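Try each task before you read its solution.

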Amino acid sequence: MTEMKPPPLPPGARGEKIAVSPDFPGALRGVWLLTWRSQLSWRRLPGRLGALLVLPFLVCITTQSPQTWATRHDVLNQVSPPQLNRFFKRLQDAKAPIQSQQKDDLAQILEEEYATAVNELREAQFEGNMDLRLKRMRAASAGCSERILNRAGKVLDDTQFSKFKTFEAVHRKRMDDLINSSQSAWGRTAPFYHWLVDVYFFIILPLSCVRGCGALMRDELQADTLGFLVTRPASRARLLCVKYLSQLAWLQILLLTETLLLFSIGAWRQMPELGALLPLFVAVQLLAVPAWSALGTFLGQMTNRYMAIGLVYGAIVEMGIGRIPTNINVLSIMRHLKTLLSHNGALQAIYDWPIDSAWFSIGALAIAPIFFLGVAAALFSFMEYLPASEMQK
Amino acid sequence: MSAIIQARELSRWYGMVMGLNNVSFEVEPGLTGLVGPNGAGKSTLIQIVTGQLQPSSGELTVFGLRPWNNPALLRRIGYCPEGEAVPKELRPMDWLRGLAFLSGLPKEVGRARCEMILDKVKLPRDAWGKRMGQYSKGMKQRVKLAQGLLHQPELLVLDEPMNGLDPMGRQEMAQTLKGLAAGGVHILISSHILAELEALCKNILVLNWGRVLASGSQKEVRGDIKDWSEELAVQCDDPEKLARHLFEAGVLLGFDLDGGDGLLHIRVKDAASFYERWLDLLLESRVTVQAIRSQSRSLKNIYDKMTTT
């Protein structure tokens, strides 16, 4: 019987001198381990999941499926029995009283034609192309009105029919207005795109990135743990870069999860053209997160009030300078994101953003993180950051 | 061997507040204690030594190099900060492994080294699986010491490492530090538990109000103090007789008889001449002495003397 030898211990396990060679990949690996291990604990998991689910929940309760939408916005349900009774009274006042048989026939005509039109309109709701959908709904409305008038002409006398044409014309106009207002710009999809683009992509995502990366070193300072990192054999610039990259990876994972949750809710609610939007949206998000995160890192190195300064930056640069119709608006990150998103037909139809060169915007979004991170690394290399305990003295 | 830390006209301000005021000193190899009251500048000095702060003026070098943003030097320095701050959500192995990667240790070496170091600082193995937020002060101190030792530094800088440790823990920590020093690691340690520094450190550096009051070996520092009134406790068979004899010889400033237990407390002004005459005086008195102990040359008394004059 051969004796099994234990595996040899790696160098350093017994305390003998080991060769230390700090390099960038090793530092990145170490900081990434510290980042995800501290973020993904069982204690923090419920909070994280809750935060991720808040927005999808809001989207869920404020958007409607095509069926619900069609029921609630059924344009042909506008002619109700009380309205018909008022019309019959007007005929009587005009000395052209309507007989009970005529009443029954007219009510039957309206009921049958409305039922036909409702089906046509529901089918039209599933049309993906917004222009075609609108066209089909208008055609359904016009056809319904035409059929009603044709059949009513055979039931009513000339005086009654003349009054009925006016009654029907008023309702037809009301139906068309409703179709136009509800379908041309936003319609059923409005709340979803409002949450996805205006709230999530242009508010929550930038704020999450600025908060997450502004706190890179500030949270370490607050917790008095920065000393453990800056006394490691790594330059301060390298330390900041690996902290940024680790936090960036974490943010990308969180925000991609959030995006997929939102698109899942959209798909469940049968929002049109989501399949075409998803790849573009994710690609633009992958560019947006490094830019906003680098901005947050830079602001975090400048001041401990990085969120307040970030909001001021947003108001001045993104909301102000970014909207000036001259070349100076290239300074705005949002402007480049809009340029890229405008290549999706559905978003372009809704927002009508100016379409500029996509390659220029991609270049600008690639340069922004390098610029902000470079300045942040320079600041961290030359500036001192006093621990919280020291600042209290 | 030349000094490991050299400061030349080193000053550090925090706005209008002075942290260190134009100090010059050298720290010799081995174990050195950093002594001073709160606000003396100990933490400021430690943070400059470990490259966390820059001098406002003057210069400080460690192994001949400036510490600020100097990875080559930081590779040779380990640091254990004051306070209880450790990442609360992490387990010690995860934290140490992350820091090991950051220090340049390969994966397998880092893991083995982390385990070895945690054993070395005597963190119980059943605590390795807990998050550090659940740790006692003493356990946090041990993990903090472990992270400072990860990359086998030549100089270990410890800011109040005994805080939170029970007497047994302090004893173990002292043994660990002595073992490291015996293995060739230079240690700079600040502590307000002066008795332990006295037993541990050959050299001391006394700071107060941002100034260096004394530096060097404990013996040299004691020798630097002028007009030192020595206090001795003498255990003998006839304290009254001995006190009378010493008084008549004119060497005493004062004395106290301590009840009936044969203990005599005496104060002498010129310690050097007293010790020269001490054996003769004892023979002349014909008193039998069982024990004699200096009460005024403890580090605490030296420190009190220096910081109050």
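A residue is buried if 20 or more other C-beta atoms lie within 10 Å of its own, and exposed if 12 or fewer do. Keep in mind that this is a predicted model.

**Exercise 1.** Decide whether Arg133(A) is buried or exposed.

*Solution.* Start by locating the residue: Arg133(A) sits in helix α6 (residues 130–153) of chain A. Next, count its C-beta neighbours inside 10 Å, which gives 20. Arg133(A) therefore counts as buried.

**Exercise 2.** Find what the buried residues of α15(A) pack against.

*Solution.* First, place the helix: α15 of chain A covers residues 358–382 and reaches 37 Å from its first C-alpha to its last, close to the 36 Å expected. Second, pick out its buried residues, among them Leu365(A), Phe372(A), Ala377(A) and Phe380(A). Third, follow their contacts: they pack against α8 (190–222), α10 (236–268), α11 (274–302) and α13 (333–341) of chain A.

**Exercise 3.** Work out how the buried residues of α6(B) are arranged around its axis.

*Solution.* Begin with the helix itself: α6 of chain B has 16 residues, 167–182. Its buried residues are Arg170(B), Met173(B) and Leu177(B). An α-helix has 3.6 residues a turn, so residues three or four places apart point the same way. Now turn to the other side, where the exposed residues include Gln171(B), Gln175(B) and Gly179(B). Just past the helix, Gly184(B) takes a positive phi of about 100 degrees.

Terms used: Residues numbered from 1 in each chain as written. Chains lettered and ligands numbered in written order. Predicted model: local features only at pLDDT ≥ 70, side-chain atom pairs only at ≥ 80, totals over all residues. Helix = DSSP H or I, 4+ residues; strand = E, 2+ residues; numbered from the N terminus. Expected span 1.5 Å × (residues − 1). Contact = placed C-beta atoms within 7 Å. Arc of directions from axis to C-beta.
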